[in-house]
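Thanks for coming. Please bring up the sequence and the model, and I will go through a few features in turn.

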Amino acid sequence: MVDVDGKENEGGNGDDKKKKNRLRMRWGIIGAMITVLVAVSLNPWRNSLNLSLLHKSYLCSEDTCKYTGLIEDCCCDFESVDDINGAVLHPLLQELVTTPFFRYFKVKLWCDCPFWPDDGMCKMRDCNVCECPEHEFPESFKTPSLNVLPKDDPVCQEGKPEATVDRTLDDKSFKGWVEVDNPWTHDDETDNEEMTYVNLQLNPEHHTGYTGPSARRIWVAIYSEHCPRYAYGEMCPEKKVLYKLISGLHSSISIHIAADYLLDIKNNKRGPNLKLMRDRVLKHPDRVQNLYFTFLFILRAVTKAGGYLNEAEYDSGNDLEDMKAGELIRRLVHNPKLQAACALPFNEAELWQGQGGPMLRQQIQNQFLNISALMDCVGCEKCRLWGKLQVLGIGTALKILFSVNDKGNPDPYLLLQRNEVIALVNLLNRLSESLMFVNKMGTPDKEIISKPWGLSSVAYWYFFFFFFTFCIFFLGLIEM
């Protein structure tokens, strides 16, 4: 009897141990499930923390990104730029570029490509440019004024030339539009041979159907030969400026192509191509950030030349429209809301410091000259028009911000020709429009979460559903 009772007690103790083991295993699985749930709930917060620690300026969902914080290498943040562009700059620029003075652009459309044999122009209807007849464009555009101050007049100098770091164009320096060549661009702006005037309102920048090897070859040449991407971690801002400007311009052009896309060539049906816009620009945060950089760079050039532009004569022969253009320019360059939101869009005084500054500036100037020459290789007439205009706009901004005199000091006296100002303002309008598209298409309408292993949100939750089902099933086996 004693032995039997001992065995019964031993069996009872064995059952208790098994129950305790099952209980420990069950609590262990429940604890693991709770850990997974906590990790899932904290995942967005963890990623936001990581992003802030790494100084990232954007958060991305599957299709869109939200941008916040300071724009790299600039003095303004994304939120301020979006606010001032939407409320002030975009409506103002949209009105300004329709005035007669800023509507007509002088361009040389028929030039041989200096880099490779010309393979012909695009023959599609939308590639063609509608030129102005002789009587349409303003008479004052044909005869530039020669009433200018002498080159060595120190009227614009701020103190001694050798002490000048930041240059401001003198308020009274404008004495009439003159024909002067831009040292940053390939075309000789003083050569009127084969120049034609184009009404930009009749030749909008949009998708023309121009594609294929000829179109790709232009951008390949720009990025591979004349404007290579700077190395990761590059700390020299001068080496990043040119690449960012070209990348930002490329993003803007891609956005305008996608916004007014030729959906049906046969029936000439147009509309937005949202997939193209996302694939080419919106899904690439660096391209969007470079677009903002380019916008602020051009805006800085416009505001820095504010005194000059304020005094300029916007003469197209239409007195009422010319007064309107002058008033809009004054509202642009002396805008209190812009000053409050972003007083210094870009600080060019920080560049070209040290002994290697002049050599580096000359190197970048030569690279940009080659990029501007590539515009003669574009095989679509309308694309060539807008390429030349926007490259001249960037060249004008570079001229305003970075030009030096014979002694290597910032040039205290600059002459801007009419065509340069027209290109500069129209480029700023193009970039402003692109930012509006980014805000419209790029703002996420749902909470941004980070998805592991590249899974979509649906696959993500399917995984956890099957995981919990398996856990419940396993707990059932333990009970058996």
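I start with a pair of helices: H2, residues 78–96, packs with H7, residues 285–304, at an angle of about 60°, and their axes are 12 Å apart. That angle makes H2 oblique to H7. The crossing, as H2 passes H7, is left-handed. Please keep in mind that this is a predicted model.

Which residues of the two helices meet? From H2 they are Phe78, Val81, Asp82, Asn85 and Leu89, and from H7 they are Gln289, Tyr292, Phe295, Leu296 and Leu299. Sorted by class, the contact of H2 with H7 has seven nonpolar residues, two polar ones and one charged.

Now for the chain as a whole. It has 14 helices and six strands. The chain has 480 residues, and 48% of them count as buried. If we take the contacts with a separation of 6 or more, 81% of them are between residues 24 or more positions apart.

Helix H5, residues 237–259, packs with H12 at an angle of about 145°, and the axes lie 11 Å apart. H5 and H12 cross in a right-handed sense. On the H5 side the contact is made by Leu245, Leu249 and Ile253, and on the H12 side by Gln390, Val391, Ile394 and Leu398. Six residues in this contact of H5 with H12 are nonpolar, one is polar and none is charged.

On to the cysteines. How many disulfides does a search of the whole structure find? The search finds two.

Where do the two partners lie? Cysteine 76 is in the loop between strand E2 (65–67) and H2, while cysteine 342 is in the loop between helix H10 (336–341) and helix H11 (357–374), so the pair ties together parts that are 266 residues apart in sequence. Both cysteine 76 and cysteine 342 are buried.

Another disulfide joins cysteine 113 and cysteine 377, whose sulfur atoms are 1.9 Å apart. About the S-S bond of cysteine 113 and cysteine 377 the torsion is about 75°, so this disulfide is right-handed. This pair, too, links distant parts of the chain, 264 residues apart: cysteine 113 sits in the loop between strand E3 (104–107) and strand E4 (196–199), and cysteine 377 in the loop between H11 and helix H12 (381–402). Are these two buried or exposed? Cysteine 113 has a relative accessible area of 13%, so it is buried. Cysteine 377 also counts as buried, because its relative accessibility is 5%.

What about cysteine 74? It is in no disulfide, and the nearest cysteine sulfur, that of cysteine 75, is 6.8 Å away. Cysteine 74 is buried, because its relative accessible area is 11%. For cysteine 75, the closest cysteine sulfur is in cysteine 76, and at 6.2 Å the two sulfurs are too far apart for a bond. Cysteine 75 has 38% relative accessibility, so it counts as partly exposed.

Now a residue in a helix, glutamine 365. It is found in helix H11. Its relative accessible area is 14%, so glutamine 365 is buried. What does glutamine 365 touch, leaving out residues up to four places away in sequence? It touches Pro183 and Trp184.

Last, some backbone angles. As background, most residues other than glycine have a negative phi. Aspartate 73 is not a glycine, yet it has a positive phi of about 65°. Aspartate 73 lies in the loop between E2 and H2, and that is the loop that holds cysteine 76 as well. With a relative accessible area of 33%, aspartate 73 is partly exposed.

Asparagine 268 is another residue other than glycine with a positive phi, near 55°. Where is asparagine 268? It is in the loop between strand E5 (261–264) and strand E6 (269–271). Asparagine 268 is partly exposed, because its relative accessible area is 33%.

That is the end of my list.

How values were computed: Residues numbered from 1 in each chain as written. Predicted model: local features only at pLDDT ≥ 70, side-chain atom pairs only at ≥ 80, totals over all residues. Heavy atoms only, no water. Axes fitted to C-alpha atoms, helices over the stretch in contact; angles between N-to-C directions. Helix = DSSP H or I, 4+ residues; strand = E, 2+ residues; numbered from the N terminus. Parallel < 35°, antiparallel > 145°, perpendicular 65-115°, else oblique. Left-handed = near helix turned anticlockwise from the far one by under 90°. Contact = heavy atoms within 4.5 Å. Nonpolar A, V, L, I, M, F, W, Y, C, P; charged D, E, K, R; others polar. Disulfide = S-S within 2.5 Å. Buried < 20%, exposed > 50% of the residue type's maximum accessible area, 1.4 Å probe, protein only.
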